[in-house]
Amino acid sequence: MTVKRNSLHIAEIIYCLAFLLYLIGSSLTHIENGTELSLWLMSFAVVLSAIVTLLPLVGIKWLRLAPQGIRAGFWAARLLQGASWLSFGCAMFLRLRRALVPFHMWIALTTLLWAAWLLIFIYSRHAFSTPPAKRRR
């Protein structure tokens, strides 16, 4: 009996690290009412996520993910990822206008959207891997 080793791709690792960086920034935002450090951390995490998503489209091969798992989960994750970027943009606009109560709401929504797309993305790629064809006896 052999055990299949599931390893994460470099892009998936970067997505997870970006999410952890975003969580640190959003926690600081809620604690300190959106200080500059927290805004920089969150912005860097969003830009890092966008770079990892968009660079394979222009030909960067080492970030390109092999098609595996369920494609519907992949596209649902991409839709939620886009929604998280839009909600982050709305939050930054509200922070610029100094509307702190809606800003905190949008940051919380962005955190939930980001967590949802990351979970769906990783789960749909690894939990539903296509099994190898059964051998004939």
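## Overall architecture

The secondary structure of the chain comes to 4 helices and 0 strands, and, read from the N terminus on, its elements follow the order α-α-α-α. The model is a predicted one, and the values below are computed from it.

Of the 137 residues in the chain, 35% count as buried. Among the contacts with a separation of 6 or more, 77% are made by residues 24 or more positions apart.

Helix H1 covers residues 10-32, which gives it 23 residues, and from its first C-alpha to its last it reaches 33 Å, close to the 33 Å expected at 1.5 Å a residue. The helix is followed by Asn33, whose phi is positive, near 60 degrees.

The buried residues of H1 are Ala11, Glu12, Ile14, Tyr15, Ala18, Phe19, Tyr22, Gly25, Ser26 and Thr29. These buried residues pack against helix H2 (36-54), helix H3 (71-96) and helix H4 (100-126).

## Pairing of H1 with H2

The axes of H1 and H2 come within 8 Å and cross at roughly 160 degrees. Because angles over 145 degrees count as roughly antiparallel, that crossing makes H1 roughly antiparallel to H2. The crossing of the two helices is left-handed.

On the H1 side, the residues that meet H2 are Ala11, Ile14, Tyr15, Ala18, Leu21, Tyr22, Ile24, Gly25, Ser26, Leu28 and Thr29. Their counterparts in H2 are Leu37, Ser38, Leu41, Met42, Phe44, Ala45, Val46, Leu48, Ser49, Val52 and Thr53. Several of the H1 residues in this contact set, including Ala11, Ile14, Tyr15 and Ala18, also belong to the buried set of H1.

The structure holds 1 salt bridge, in which the side chains of Glu12 and Arg125 meet at 2.5 Å, N to O. Glu12 lies in helix H1 and Arg125 in helix H4, so the pair ties together parts that are 113 residues apart in sequence.

Both partners are buried, since Glu12 has 0% relative accessibility and Arg125 has 4%, and the cut-off for counting as buried is under 20%.

Notes: Residues numbered from 1 in each chain as written. Predicted model: local features only at pLDDT ≥ 70, side-chain atom pairs only at ≥ 80, totals over all residues. Heavy atoms only, no water. Expected span 1.5 Å × (residues − 1). Buried < 20%, exposed > 50% of the residue type's maximum accessible area, 1.4 Å probe, protein only. Contact = heavy atoms within 4.5 Å. Salt bridge = Lys/Arg side-chain N within 4 Å of Asp/Glu carboxyl O. Axes fitted to C-alpha atoms, helices over the stretch in contact; angles between N-to-C directions. Parallel < 35°, antiparallel > 145°, perpendicular 65-115°, else oblique. Left-handed = near helix turned anticlockwise from the far one by under 90°.
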